[in-house]
Amino acid sequence: MHQQDGNLWISNRFDPGILKYNLTTGVLSHLVDSSNTIGFGNCLLPSRKSNLLWQGTDKGLNSIDLKNEKVKAFESSNPSNIQQYNIISLQELENGDLLIGTQYSGAFVVNENNEFLKWRDKTSGLSSNTILSICESADYYWLGTSNGLNRIEKKPKIVINFGTA
């Protein structure tokens with residue numbers, strides 16, 4: 001959920017698109033893409049750079065233009081299969097990259113060139129490929145997974161796992 005400009009934006013897990021509730025008028029609107037391929041919503045993240053919301057869905061990543069109220073599936077500048085991933089967590093990093101957590105497929109990043117790239121998974125030291133939450137601190141990336149907490153040093157990118165008991 002995200003509030004901006006008198007509107008409450010709600011990612012809905014039960015149908016495609018996004019709900020907009022106007023707090024002043026009480027009007028609820030359902031915004032969808034005409035292609036109807038944008039997936040069921042899992043999470044929302046406001047962009048620091050633009051009047052945009054990122055929406056993680058069971059069919060990849062959507063962008064919502066808040067000014068024009070348009071929803072569209074994200075298209076990577078590189079050949080990718082982003083729409084096959086169930087995106088369940090998002091974090092915009094200090095460098096402007098978007099870090100993406102998926103169910104069963106690890107973490108990905110969308111860089112400043114709009115390239116969708118694999119970032120980390122179990123083969124690179126994570127405790128699980130299901131990334132439930134993401135946080136960035138001064139020296140670390142923190143990833144909460146279905147099998148514990150992972151701390152990744154920014155330099156030299158060493159992964160430390162804090163497992164579940």
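## Pairing of E11 with E12

In this predicted model, strand E11 (residues 107–110) pairs with strand E12 (residues 116–120) in the antiparallel sense over 4 bridges. Strands (at least two residues) are DSSP runs numbered from the N terminus, and two strands pair if DSSP finds at least two bridges between them. Ala107 stands opposite Arg120 in E12. The two strands form a hairpin with 5 residues between them, and Asn114 in the turn has a positive phi of about 60°.

Residues are numbered from 1 along each chain as its sequence is written. Local features need pLDDT of at least 70, side-chain atom pairs count only at pLDDT 80 or more, totals for chains, interfaces and linings use all residues, and side-chain values use heavy atoms, without hydrogens and water.

## Pairing of E11 with E10

Strand E10 (residues 98–102) is also an antiparallel partner of E11, over 4 bridges. Here Gly101 has Ala107 as its bridge partner. The E10–E11 hairpin has 4 residues between its strands, with Tyr104 in the turn at a positive phi of about 80°.

Beyond neighbours within four places in sequence, Val110 is in contact (heavy atoms within 4.5 Å) with residues including Leu61, Phe74 and Asp97.

Key
Buried means under 20% relative accessible area, exposed over 50%, partly exposed in between (1.4 Å probe, protein chains only).
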